[in-house]
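Here is a short report on one protein chain. Look at the overall build, then at one helix, its salt bridges and a few single residues.

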Amino acid sequence: MSKVAIVTGSAGGLGKGIAERLANDGFNIVLQDINEDLLLETEKEFKEKGFNAVAFKSDVSIKKEQVELVQFGVTEFGQIDVFVNNAGVDAVSSFLEIDEKQLNKLFNVNVYGTVFGTQAAAEQFKKQNSKGKVINACSIAGHESYEMLGTYSATKHAVRSFTQTAAKELAKDGITVNAYCPGVAKTKMWDRIDEEMVKYNDDMEPGDAFEEFSSAIKLGRYQEPKDVANLVSFLASEDSAYITGQSILTDGGLVYR
């Protein structure tokens with residue numbers, strides 16, 4: 001019987017790359033996103049490639065909708081085996097300009113979404129009496145805090161902390177909880193960061209921030225979705241059964257911990 005993976009925020013970007021890799025690994029895939037149009041496009045694309053994939057539009061920051069997402073996966077495929085808390089949002093601003101709106105938005109999606117997704121998945125794994133896997137989206141910003149990305153960095157530090165706590169508490173149930181920590185990828189998120197950075201530095205032009213960050217990568221290139229997907233594939237496999245509570249850097253040599 002094919003295993004089942006739910007990947008949140010998988011209509012595009014790194015999440016789509018992760019979902020596609022897991023589909024190639026033989027998983028049945030539940031695609032999730034709040035962007036319904038893009039989500040349905042991705043579902044159509046996956047089905048055209050022969051993947052067994054279904055789509056579910058929801059808001060990860062709402063606990064009830066995370067529970068419904070898991071139940072949808074169970075209804076469609078009979079069980080779930082892997083839950084990837086990939087959905088995330090960013091914000092660029094100076095520390096003194098951080099406001100309630102920014103804090104609420106980023107913590108709701110990045111932190112609440114991860115907590116609620118982990119809870120919903122863990123309850124289902126326990127109900128199934130199976131050794132499930134939760135895989136969270138952390139970041140290099142979960143290991144080091146960056147200027148102009150203060151709130152984003154704080155949320156990713158929180159993800160790393162909750163990954164450790166959940167791993168410790170759920171180990172007795174045979175559930176592992178780990179996280180992947182991407183670096184600098186040419187995604188729409190980085191396009192937005194680039195665009196916003198220009199507003200705060202008169203000497204910068206669009207693309208400069210991305211170039212500055214990516215030029216420091218020791219392996220000499222920016223990250224591609226497959227680089228992250230390769231790690232998630234490993235964490236979703238039985239080969240990682242003895243690993244839990246870890247937030248693993250996959251950044252080409254940028255942050256060292």
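Buried means under 20% relative accessible area, exposed means over 50%, and partly exposed lies in between (1.4 Å probe, protein chains only). By that scale lysine 49 is partly exposed, because its relative accessibility is 42%. This is a predicted model, in which local features need pLDDT of at least 70, side-chain atom pairs count only at pLDDT 80 or more, and totals for chains, interfaces and linings use all residues. Residues are numbered from 1 along each chain as its sequence is written, and side-chain values use heavy atoms, with hydrogens and water left out.

**The whole chain**

The chain has eight helices and seven strands. Its radius of gyration is 18 Å, close to the 18 Å that the globule rule gives for 257 residues, so the chain is as compact as a globular protein of that length. That radius is taken over C-alpha atoms, and the rule is 2.2 Å times the number of residues to the power 0.38. Helices (H or I, at least four residues) and strands (E, at least two) are DSSP runs, numbered from the N terminus. The C-alpha trace spans about 55 × 40 × 35 Å along its principal axes. Of the 257 residues, 53% are buried.

**Helix α2**

Helix α2 covers residues 36–48, which makes 13 residues. From first C-alpha to last it reaches 18 Å, close to the 18 Å expected at 1.5 Å a residue. The expected span is 1.5 Å times one less than the number of residues. Which residues of α2 are buried? They are Leu39, Thr42, Glu43 and Phe46. These four sit on the same side of α2, because they cover an arc of only 105° around the axis. The arc is that of the directions from the helix axis to the C-beta atoms. An α-helix has 3.6 residues a turn, so residues three or four places apart point the same way. On the other side of α2, Asp37, Glu41, Lys44 and Glu48 are exposed. The buried residues pack against α1 (13–24), β2 (28–33) and β3 (53–57). Here contact means heavy atoms within 4.5 Å. Glycine 50 follows α2, with a positive phi near 90°.

**Salt bridges**

A salt bridge is a side-chain nitrogen of Lys or Arg within 4 Å of a carboxyl oxygen of Asp or Glu. The whole structure holds 12 of them.

| Pair | N to O distance |
|---|---|
| Glutamate 45 and lysine 16 | 2.8 Å |
| Aspartate 25 and arginine 21 | 3.0 Å |
| Glutamate 45 and lysine 49 | 3.4 Å |

Shared partners join Lys16, Glu20, Glu45 and Lys49 into one network of salt bridges. Glutamate 45 is partly exposed, at 25% relative accessibility. Aspartate 25 is partly exposed too, at 36%, and so is arginine 21, at 29%.

**Single residues**

Glycine 73 lies in helix α3 (residues 63–77). Is glycine 73 buried or exposed? Glycine 73 is buried, with a relative accessible area of 0%. Leaving out residues up to four places away in sequence, glycine 73 touches Val30, Gly78, Gln79 and Ile80.

Asparagine 129 has a positive phi, near 60°, although it is not a glycine. Asparagine 129 sits in the loop between α4 (100–128) and β5 (133–137). At 73% relative accessibility, asparagine 129 is exposed. Methionine 148 has a positive phi as well, near 70°. Methionine 148 lies in the loop between β5 and α5 (150–170), and is partly exposed at 22%.
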